[in-house]
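Here is a short briefing on the structure shown next. The points are grouped by topic.

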Amino acid sequence: MNIKQNIKTLIVEKPLKLDCGQTINNFPLAYETYGSLNNEKDNAILVFHALTGDQFVTGINPVTKKDGWWSYAVGSGKSIDTDKYFVICANVIGGCMGSFGPSHENPKTKKIYGTDFPVITINDMVNAQINLLDFFGIKKLFSVIGGSMGGMQVLQFISNYPDKAKTAIPIACTSSHSAQNIAFNELGRQAIAADHNWSDGDYDSKNIVPDKGLAVARMAAHITYLSKKGLQEKFGRKLQKRDDLKFGFDADFQIESYLRYQGSVFVDRFDANSYLYITRAMDYFDLVKQFNGNLSDAFKNTKAKFFVISFTSDWLYPTQENKDIVIALNAVGANVGFVEIESDKGHDSFLLNVSDFLKALKNFLDKSYAEKHS
Amino acid sequence: MKPEYKIISDLIEKDAKVLDVGCNDGTLMEFLKTNKNANIRGIEISKEKVQICIAKGLTVIEGNAEFDLKQFPNDSFEYVVLGQTLQAFINPETVIKELLRVGNKAIVTIPNFGHWKVRLNLLFKGTMPITNSLPHDWYNTPNIHMCTIKDFVRFSKIINFKIFKSLALINENVSDINNSNLIFKNLFGELGIFLIEK
């Protein structure tokens, strides 16, 4: 596959003990960077991607040929200004864009790992990515930023490495994955498992893909990223290229057609086993439990300045769950700001052109950066 | 900048940890940061105002002081400032108690409803008073619990907190309020400024 030529990879030699008990070493961590690291090496921002994201944050993704997933927020003159900051993003381990994941070959069996790949956690993802700091010679990041699962990584990163970032921006996330969110993830996993092609994860050796199951998983998840109001306004009951109902099970409605399309394009770029592993990592995320029921303890050693952001119409990671993070931070006297952005675009708001959000993000970063340089 | 900001600033020591409750556009926060090197946080209910504060590089939490002060542990701040908003709360008693739980001391300012202009307004016009500091009509005012300087002094005895220092603002001049001049200050003071403790 020549697409791999476009992927920068760091081979992490240092052994990494995973939460499941296994230790991995000499594993690949695929990453991309934007902007340039200054001489003081104090302008670096580590961006963490969400469930189906990858290291190609902005510009044209060289693999999918589409816009990077955070093109609205990251780039020259944008909120995360690449003229000013050095942006690093790595594909999470367990992922399928070059980092060590279930589609990699198991040296023992000479077959792809599939479900023999160790179950990974948000903690493991973060512990893998810390190696990027050494690689670039960065002592302290200017910021760690992420939305959704990326936000969980922000929280875990600060908890694990309290003095490795000046600022931290967890967006539309939670400190403990809710039952509702586990339920939606399970729905996605079961859709994949119900696809005969999945073959208990061994589809690669049979040269088949569980594309139907993965597409259904994506369709279901996609609904959770939007809001009822947003869906109603965009699609309503509009019909798809027809004047009337066809009395069949074809996609009569635009929303059906839209979801089918979202499902079909997703299977071209995402690996079904990776989907299982990453959703599992999200479900296992419970920073509250990691600190025996007291989330504040996760942040008691950090001097990082936090900015927590939520969205009014996000019912997947609702404002209250974001506020719980703020409360925990206040309990240890951390420096934390919080804003709930008005938007009817649901959980996806953080990925879209939501001007109040982009403005707040830019102002927080630029002011914090100016502060330490004044 | 409001004239009382300088007075509030004078009540606060250098480098103090301060929470500005209802911090609005952050003007007072900036003033205290510059003049007192205060370690300052704000809480503000309006999303637009929060955005303005972020643009100024201030640490502000969007929230409702009536419900969201409880997220702060006891004695989190040396000073908690509540500027001209006590009258807008559903339960001012709870708010005062929360201010004094979260902070060692609190600075509360109140627009004085006992001011002579307010009294004359009601007496002669027979309608709810509208003044520079109280510009709303009765039906759209956020100020549901107006009080006078004298009321606030009485309030301190009823719900049991100490008034450490009380000041009146008259024509941009500040003066002390004491037992002997209370009637006078309650008639002429536009604003009461109180430094209170548990």
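A residue counts as buried if 20 or more other C-beta atoms lie within 10 Å of its own, C-beta atoms being placed from the backbone. Buried residues make up 43% of the 198 residues in chain B. The model is predicted.

**Chain A**
- Chain A holds 11 helices and 14 strands.
- Its C-alpha atoms fill a box of roughly 65 × 50 × 40 Å along the principal axes.
- Of the 374 residues in chain A, 49% are buried.
- Take the contacts in chain A between residues at least 6 apart in sequence: 70% of them join residues at least 24 apart.

**Chain B**
- The secondary structure of chain B consists of 8 helices and 8 strands.
- The C-alpha trace of chain B spans about 45 × 35 × 30 Å along its principal axes.
- A compact globule with 198 residues would have a radius of gyration near 16 Å, and chain B agrees, with 16 Å.
- Among contacts in chain B with a separation of 6 or more, 64% are between residues 24 or more positions apart.

**Interface between the chains**
- On the chain A side, 20 residues are in contact with 14 residues of chain B.
- Three elements of chain A each supply at least two residues of the side that touches chain B: α10 (319-331), β14 (335-341) and α11 (355-372).
- The largest share of that side comes from α11(A), with 8 residues.
- By residue class, the side of chain A that touches chain B divides into 8 nonpolar, 6 polar and 6 charged.

**Helices α4 and α5 of chain A**
- Helix α4 (residues 179-194) packs with helix α5 (residues 211-225) in chain A, their axes 7 Å apart.
- How are the two helices α4(A) and α5(A) oriented to each other? The angle is about 165°, and angles over 145 degrees count as roughly antiparallel. α4(A) and α5(A) are therefore roughly antiparallel to each other.
- The crossing of α4(A) and α5(A) is right-handed.
- From α4(A), the residues in the contact are F184(A), L187(A), G188(A), A191(A), I192(A) and A194(A).
- From α5(A), they meet G213(A), L214(A), V216(A), A217(A), A220(A), A221(A) and T224(A).
- The residues of this contact of α4(A) with α5(A) divide into 10 nonpolar and 3 polar, with no charged.

- Most residues other than glycine have a negative phi.
- A172(A) is not a glycine, yet has a positive phi of about 45°.
- A172(A) sits in the loop between β12 (165-171) and α4 of chain A.
- Is A172(A) buried or exposed? It has 29 other C-beta atoms within 10 Å, and 20 or more count as buried. A172(A) is therefore buried.
- D15(B) is a residue other than glycine with a positive phi, near 65°.
- The place of D15(B) is the loop between α1 (4-10) and β1 (17-21) of chain B.
- D15(B) has 11 other C-beta atoms within 10 Å, and 12 or fewer count as exposed. D15(B) is therefore exposed.

Note on methods
Residues are numbered from 1 along each chain as its sequence is written. Chains are lettered from A and ligands numbered from 1 in the order in which they are written. This is a predicted model: local features need pLDDT of at least 70, side-chain atom pairs count only at pLDDT 80 or more; totals for chains, interfaces and linings use all residues. Two residues are in contact if their C-beta atoms, placed from the backbone, lie within 7 Å. Helices (H or I, at least four residues) and strands (E, at least two) are DSSP runs, numbered from the N terminus. Ala, Val, Leu, Ile, Met, Phe, Trp, Tyr, Cys and Pro count as nonpolar, Asp, Glu, Lys and Arg as charged, and the others, Gly among them, as polar. Axes are lines fitted to C-alpha atoms, for helices over the stretch in contact, and angles run from 0 to 180 degrees between N-to-C directions. Angles under 35 degrees count as roughly parallel, over 145 as roughly antiparallel, 65 to 115 as roughly perpendicular and the rest as oblique. A crossing is left-handed if the near helix is turned anticlockwise from the far one by less than a right angle, and right-handed if clockwise. The radius of gyration is taken over C-alpha atoms; the globule rule is 2.2 Å times the number of residues to the power 0.38.
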